Structures are given as C-alpha cells and as structure tokens.
Amino acid sequence: MNERDVLINKLAQGLRPMPEGIEWFDGPGQEEQSEVLLFLCHHCVQARAVTEDAPESIRRAGLRPTHTPAALISRGRIDEQLGKIAGLTPLDERRKAFRLLVAVLAIADGRRRERFCSGGCSHWWHGLSVA
C-alpha cells in the first residue's frame, strides 16, 4: 500500500473530496497520470465492475453523457471500455476519466463490500478512515 492506493480508495469511499483528488491527479505529468488511470482501470475490473454501473458512474462523476469517457463506458463490454478510458490523452479528458474511474470503483467496490465483506474482511482498504 502506498499514498496513491490510500488516496484513491479514500476518494472512492467518499472519505476525501474529489477536488482534493483532482488537485493530486493534476500534480504529476502525463506519464504518471496515465499510470494512475491504468491503476484505477485494473482496480475497477478487480472490484467486478459491470456494464450496468455505467449510468450511475457517469452521474456520480458529474459528467454529461456526451463527454468522451461517459460515451465510452456506455458502449458495453466495460472491461474493454475501461482500458480505452484509461488511455485518453488530452488533459481535460484525463481529468474526466479520473473522476469516472473513481466513481466506477466506488460503485463496484461498494457492491463487493455489501455482498462479500459485510461480516468483516481482510481488505486493508475497507478499514480506512477519514484521518
């Protein structure tokens, strides 16, 4: 676990505000931002994101359906679309992709927590606090 892992999971769990996440995301260069997006993509798949998560993810991310990341995730085959979203290169699109992927992770991990971890689990990220 490192600072990135903790912050992303806190953002997904609503323990940190998204403006703080965007400020953090804007800090590094494009290469590191791309790594963060790929990291998020991987964790969304691991959390078992499904195509039906798209509309709520778009809403939570505050995106319009016409924004590129929103249009991509709405096309089905979420595992393929997440990879395309993580590969967006214009800065504005990367910011939108970041917000969307955090929202997807929030939904998928929330579902996993309810179904499999409600009685307790060993996932370190499920024990995070606001501090």
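This report describes the fold, the surface and the aromatic pairs of one protein model.

The model is predicted, so local features need pLDDT of at least 70 and side-chain atom pairs count only at pLDDT 80 or more, while totals for chains, interfaces and linings use all residues. Residues are numbered from 1 along each chain as its sequence is written, and side-chain values use heavy atoms, leaving out hydrogens and water.

## Overall fold

The protein has seven helices and zero strands. Helices (H or I, at least four residues) and strands (E, at least two) are DSSP runs, numbered from the N terminus. In sequence order the pattern reads α-α-α-α-α-α-α. The radius of gyration is 14 Å, close to the 14 Å that the globule rule gives for 131 residues, so the protein is as compact as a globular protein of that length. This radius is taken over C-alpha atoms, and the rule is 2.2 Å times the number of residues to the power 0.38. Along the principal axes, the C-alpha atoms fill a box of roughly 40 × 30 × 20 Å.

Contact means heavy atoms within 4.5 Å. Of the contacts with a separation of 6 or more, 71% join residues 24 or more positions apart.

## Surface and charge

Of the 131 residues, 44% count as buried. Buried means under 20% relative accessible area, exposed over 50%, and partly exposed in between (1.4 Å probe, protein chains only). The accessible surface comes to about 7,000 Å², and 51% of it belongs to carbon and sulfur atoms. Such areas come from the Shrake-Rupley method with a 1.4 Å probe.

The protein carries 18 positive and 17 negative charges, with mean positions 5 Å apart. Lys and Arg count as positive, Asp and Glu as negative; His and the chain ends are not counted.

## Aromatic pairs

The whole structure holds two aromatic pairs. Rings of Phe, Tyr and Trp (its six-membered ring) pair if their centres lie within 6.5 Å; planes under 30 degrees apart count as stacked, over 60 as edge-to-face and the rest as tilted.

| Pair | Type | Centre to centre | Angle between planes |
|---|---|---|---|
| W24 and F98 | tilted | 6.3 Å | 40° |
| F25 and F98 | stacked | 4.5 Å | 20° |

W24 lies in helix α2 (residues 18-26) and F98 in helix α7 (residues 91-116), so their pair ties together parts 74 residues apart in sequence. F25 also lies in helix α2, so its pair with F98 in helix α7 ties together parts 73 residues apart.

Ring pairs link W24, F25 and F98 into a cluster. W24 counts as partly exposed, at 23% relative accessibility. F25 is buried, at 1% relative accessible area. F98 is buried, at 0% relative accessibility.

Technical notes: The place of a charge is taken as NZ of Lys, CZ of Arg, CG of Asp or CD of Glu.
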